[in-house]
Amino acid sequence: MALGLGWKLHGDGKTMGPDDVVAPDERLSWGKTVGLGAQHVVAMFGATFVFPLIMGLNPQLAIMMSGIATVCFLLIVNGKVPSYLGTSAAFVGAVAAIRAQGGTSQEVTGAILVAGIVLALVGVLIHFLGSSMLHKVLPPVVTGAVVMLIGFNLAPVVATVYWPQDQWVALLVMLFTIVCAVAFKGFISRIAVFLALVFGYVISWLFDKIFGQITAPDGAGKVSTHFRTNFDAISGSSWFGLPPTTGTIGPDGKAMVGIHAPSFSVAAILLVLPAVIALIAENTGHVKAVAEMTKAELNPYMGRAIAADGIGTVIASSVGGSPTTTYAENIGVMAATRVYSTAAYYVAALVAIVFGLSPKFGALVASVPGGVLGGITVVLYGMIGLLGAKIWKENGVDFGNPINLVPVAAGIVIGIGGVSLKFSDNFTLGGIALGTIIAIGAYHLARNLAPADLRARADAAGGTMISLGEREGDYGDADGIDDLYQDAPGGPDLRRR
């Protein structure tokens, strides 16, 4: 069918041979399909509610809108690209910068909405003009630099907001995350962040029982004596209902809004727009990974997939939800099961929508102690930054060439260090936005001024391909963990999938 809603039954729908593959337009029995959909929910769950929590947005609303965005995505790509749209990590750095400047949640979601529109327009251009234009504007050296400065720009957030709230819980959670990510194979390693969050919650509760209250700063920096865990908001929330417009206090010490109308600020929009580059790279890698696994020609759907992600972000942020992106955690589930049926993704989307209609669930997520987030974010933020280095490595970027070295060096330091340019009393450009502009603009300036031999070297060594995990068997990642699961030097360990 045109919308990809007609599924053929694979075999008898109950059994699969060792070499069987269930195609996107096929399905198993509905009982098995529901089970597979539940796996997809668990796979996306951790990062999809951790990142809204970190950004000060409502995780209950994020879960619900991720389901709606996934349905829209599948319809737009005609069911050809099986993927789940979870919360994107690419916006975390910009949101932290917006809030550091006193920005509201309404301005945050307004900026994200504009970024979604830009991403959708880029997808439309790619669909009609092809991807070669994109590769010329954003070669791997530039894309890697932008991803790197987005991640490493977050280091002060860990050091000043989350870690000080409970340094010992943060340290234990960090170590637990590392152990889960590297000591286990298969599904446990894939949900290391989610398991670390549960572990941290339990440890915080035990510390309250054993050691009593802690005297430490809250997310707003105010020092007080308090318990690490607080269940009052959970007990006072109903089981069913839409996310509230105001709600429990989030880890940043501010009221965590639910459904709301976005507002627009030029300064906030400029801070968020660089994340579009990361999403273009991420979606490109994910579509190529799915194409490799399904042995399907998906290049004609590359632009549609990118546009669909942008539309998903627009839909989610228009009611105050979080930005979206295709999730490699779910691509990994497909690789492990060899079931690529989009029917399972529709089931997962419906389950997510049901979860999003439970305020009690939202209150539970919002009550995660700040020290727990400290241990998780110290790993996640570093991983986001290192994804930039991964792009450079996989595309063979030559930093012996000054075309590559000099301009991106300036852009990265500006982005990470928080350098700014003040144009007027009401407008200052700095941090991620300025770093991205410098990295892109200075790179193309340097390229145009350089002699022909240096330009040829740049093209020969990773100058024409954009990548965020597009090698065979490498499935990119939304939260950074799977992108760094690499065996040296033979590539990814597919047993983890």
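Does Phe211 count as buried or exposed, and at what relative accessibility? Phe211 counts as exposed, at 56% relative accessibility. The model described here is predicted. The protein chain holds 21 helices and ten strands, and buried residues make up 58% of its 497 residues. Of the contacts between residues at least 6 apart in sequence, 77% join residues at least 24 apart.

**Aromatic pairs**

- Three aromatic pairs are present in the structure, and two of them, Phe176 with Phe199 and Phe207 with Phe211, are described here.
- The ring centres of Phe176 and Phe199 are 4.2 Å apart and the ring planes are at 5°, so this pair is stacked.
- Phe176 belongs to helix α8 and Phe199 to helix α10 (residues 192-211), so the pair ties together parts that are 23 residues apart in sequence.
- Phe176 is partly exposed, with a relative accessible area of 24%, and Phe199 is partly exposed, with a relative accessible area of 24%.
- For Phe207 and Phe211 the ring centres are 5.2 Å apart and the planes are at 85°, so the pair is edge-to-face.
- Both Phe207 and Phe211 lie in helix α10, where four residues, about one turn of the helix, separate them.
- Phe207 counts as buried, at 16% relative accessibility, whereas Phe211 counts as exposed, at 56%.

**Packing of α8 and α18**

- Two packed helices are described by the angle between their axes and the distance between the axes.
- Helix α8 (residues 167-183) packs with helix α18 (residues 370-394) at an angle of about 45°, and the axes are 7 Å apart.
- The crossing in which α8 passes α18 is right-handed.
- On the α8 side the contact is made by Val169, Ala170, Val173, Met174, Thr177 and Ile178.
- On the α18 side these residues meet Gly371, Val372, Gly374, Gly375, Ile376, Val378 and Val379.
- The residues of this contact of α8 with α18 divide into nine nonpolar, four polar and no charged.

**Packing of α3 and α4**

- Helix α3 (residues 92-100) and helix α4 (residues 105-129) have axes that come within 10 Å and cross at roughly 145°.
- α3 passes α4 in a crossing that is right-handed.
- Val95, Ile98 and Arg99 are the α3 residues that meet Ser105, Val108, Ala111 and Ile112 in α4.
- The contact of α3 with α4 involves five nonpolar residues, one polar and one charged.

**Buried residues and their contacts**

- Thr313 is in helix α14 (residues 302-317) and is buried, with a relative accessible area of 1%.
- Apart from neighbours within four places in sequence, Thr313 is in contact with Ile112, Gly116, Pro323 and Thr324.
- Ile112 is also one of the α4 residues that α3 meets.
- Val276 has its place in helix α13 (residues 274-294) and counts as buried, at 5% relative accessibility.
- The residues that Val276 touches, not counting those up to four places away in sequence, are Ala115, Val118 and Leu119.
- Ser66, in helix α2, is buried, with a relative accessible area of 2%.
- With neighbours within four places in sequence left aside, Ser66 is in contact with Met44, Thr48, Tyr84, Leu85, Gly86 and Ala352.
- Ser66 and Thr325 are 9.2 Å apart in space, C-alpha to C-alpha, and 259 residues apart in sequence.

**Backbone at Asn78**

- Most residues other than glycine have a negative phi, and most peptide bonds are trans.
- Asn78 is not a glycine, yet has a positive phi of about 55°.
- Asn78 is placed in the loop between α2 (59-76) and β3 (85-87).

Terms used: Residues are numbered from 1 along each chain as its sequence is written. This is a predicted model: local features need pLDDT of at least 70, side-chain atom pairs count only at pLDDT 80 or more; totals for chains, interfaces and linings use all residues. Side-chain values use heavy atoms; hydrogens and water are left out. Axes are lines fitted to C-alpha atoms, for helices over the stretch in contact, and angles run from 0 to 180 degrees between N-to-C directions. Helices (H or I, at least four residues) and strands (E, at least two) are DSSP runs, numbered from the N terminus. A crossing is left-handed if the near helix is turned anticlockwise from the far one by less than a right angle, and right-handed if clockwise. Contact means heavy atoms within 4.5 Å. Ala, Val, Leu, Ile, Met, Phe, Trp, Tyr, Cys and Pro count as nonpolar, Asp, Glu, Lys and Arg as charged, and the others, Gly among them, as polar. Rings of Phe, Tyr and Trp (its six-membered ring) pair if their centres lie within 6.5 Å; planes under 30 degrees apart count as stacked, over 60 as edge-to-face and the rest as tilted. Buried means under 20% relative accessible area, exposed over 50%, partly exposed in between (1.4 Å probe, protein chains only).
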